[in-house]
Amino acid sequence: MWNLDSLPDGNLDRQVIVPVDTLYEYDGPMIFRTRIGLVDLLCNKVSRRNGLDIILACQTDDRTIAALKDGRLSVHGAFAREAYWIISLDDEDRITAYWNCRRDDLPARFFAKPGLGLFHWFGTVPDSLEQTSALLAIKFRGEALTEAGMPFGKLKGLLDQAFETARKILIPPQLANTKSSTFDLEVAPLRFASLMIAVKEPVINMQAIRRNRTLDKYERSDFELAVRNRGADFAARLQDVYRTSQNNELDERYAEENFAFLDVLADILPDEQSFIDSVEFNAASTHGLTTVVFRKNEASAIRAKVQGADARRVVEHGSVTGITVASRSLRIRSIRQKDVTCYLTAEHFAELLAERESIVNRAIELRGTLTRRQRRDLLQVEQYRLIDRDILL
């Protein structure tokens, strides 16, 4: 472990450190950018000992600094590097000594807490550049998740959850029944300590899509735009759920109106027995980057609302996959990626039969009483609304 009495690696001829960009100051520069020779450094004054300022420094770049200034990257993330220097400065900002260090050589107090930006008004911000540029990023935190590694079974479980959730959130409904060979998601390299999974872009197999003649009118750019729009919609809904939860307004009415989205969200949120303490979401929205963290107690409240939704009124969303005249029913593929049999009144079914030629693959919103089943859920429909089938949601 480093300490001030450790043998230094040099003093760089007592070179003067000159900030080229002060990012945070309190009675002088605290977090700043400087250059020593050809090395671009981000510095943080972490202590003062024996009349010397103790500086934590690491290499940086324009992208990191811009994200830090804009509130798109935390201080913790900006200093996430493999190697560091500890630099001691006298009152004239001359280097009296420096030490080459690894992270585990340094006290934890030298590093900012995760999620904290330069200023408190930034709120919770991402801890990596991969999160700031992702279509969708999901970050799990818990004691079992460390930089040294994690149990293989736990890793597989989290990856499966993240894959299913990201696919439900981002896949255009016209591709809901396709396999990963047709619609997949490119992710950035995984990050441990906490497990962070960042979706960079969709992977769309147009050759496979062209086998379905009903999708001939769509180009690759249409599907890519649809994925981005669904990500932005997820960001807006995520913020709404978080605000509602924080204001203790997650009541029965809200759970009914937002059932489909809450059910998707609940699948990845931790329960009381989970080894996960919190889940952080980062999503690109129309207003920039959205970051929301659900801790275990908040997650449990959401899970309780949707898990208790059997034989209760809900609003369901999905695409029509079939129609059965004998039973006056529709089959839909919910945005929850669940098949649902929907029974309609005679009047409503007669209305739908008039549009029978155009109803399959059409988006639909239904209100009614849901009963969960292992293979296919059941919905007794009270109201429905067809959505323009030419809209790629």
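Which residues do ring pairs link into a cluster? The legends below take this up, starting with the whole chain.

This is a predicted model, in which local features need pLDDT of at least 70, side-chain atom pairs count only at pLDDT 80 or more, and totals for chains, interfaces and linings use all residues. Residues are numbered from 1 along each chain as its sequence is written, and side-chain values use heavy atoms, with hydrogens and water left out.

**Figure 1. The whole chain.** The chain has 11 helices and 16 strands; these are DSSP runs, numbered from the N terminus, with at least four residues (H or I) for a helix and at least two (E) for a strand. Its C-alpha trace spans about 90 × 45 × 40 Å along the principal axes. Of the 393 residues, 49% are buried (under 20% relative accessible area; exposed is over 50%, and partly exposed is in between, with a 1.4 Å probe and protein chains only).

**Figure 2. A cluster of rings.** Here are Phe234, Tyr242, Phe261, Phe281 and Phe294, linked into a cluster by ring pairs. Rings of Phe, Tyr and Trp (its six-membered ring) pair if their centres lie within 6.5 Å; planes under 30 degrees apart count as stacked, over 60 as edge-to-face and the rest as tilted. The structure holds 12 aromatic pairs. In one of them, the rings of Phe119 and Trp121 are stacked, because their centres are 4.8 Å apart and their planes are at 0 degrees. Phe119 is partly exposed, with a relative accessible area of 25%, whereas Trp121 is exposed, at 59%. Phe234 lies in helix H6 (residues 220–246) and Phe261 in helix H8 (residues 259–266), so the pair ties together parts that are 27 residues apart in sequence. Both Phe234 and Phe261 are buried.

**Figure 3. Charges over rings.** The charged end of Arg103 sits over the ring of Phe111, 3.9 Å from its centre. Lys154 lies over the face of Phe275, at 5.0 Å from the ring centre. To count, NZ of Lys or CZ of Arg must be within 6 Å of the ring centre and within 35 degrees of the ring normal.

**Figure 4. A buried glutamate.** Look in helix H9 (residues 296–307) for Glu298. Glu298 is buried yet has no salt bridge (a side-chain nitrogen of Lys or Arg within 4 Å of a carboxyl oxygen of Asp or Glu). The nearest side chain of opposite charge, Arg295, is 4.7 Å away; Lys and Arg count as positive and Asp and Glu as negative, while His and the chain ends are not counted. Leaving aside neighbours within four places in sequence, Glu298 is in contact with Tyr242, Ser245, Gln246 and Val293, where contact means heavy atoms within 4.5 Å.

**Figure 5. Two nonpolar cores.** A nonpolar core is a set of buried Ala, Val, Leu, Ile, Met, Phe, Trp, Tyr and Cys residues joined through side-chain atoms within 4.5 Å. Among the 67 residues of the largest one, Leu136, Phe140, Leu265, Phe281, Phe294 and Leu330 touch the most other members. A second, separate core of 25 residues includes Leu4, Leu42, Ile65 and Phe111.

**Figure 6. Around Leu56.** Leu56 is found in strand S4 (residues 52–59) and, at 0% relative accessibility, counts as buried. Beyond its neighbours within four places in sequence, Leu56 is in contact with residues including Leu42, Phe79, Trp85 and Phe111.
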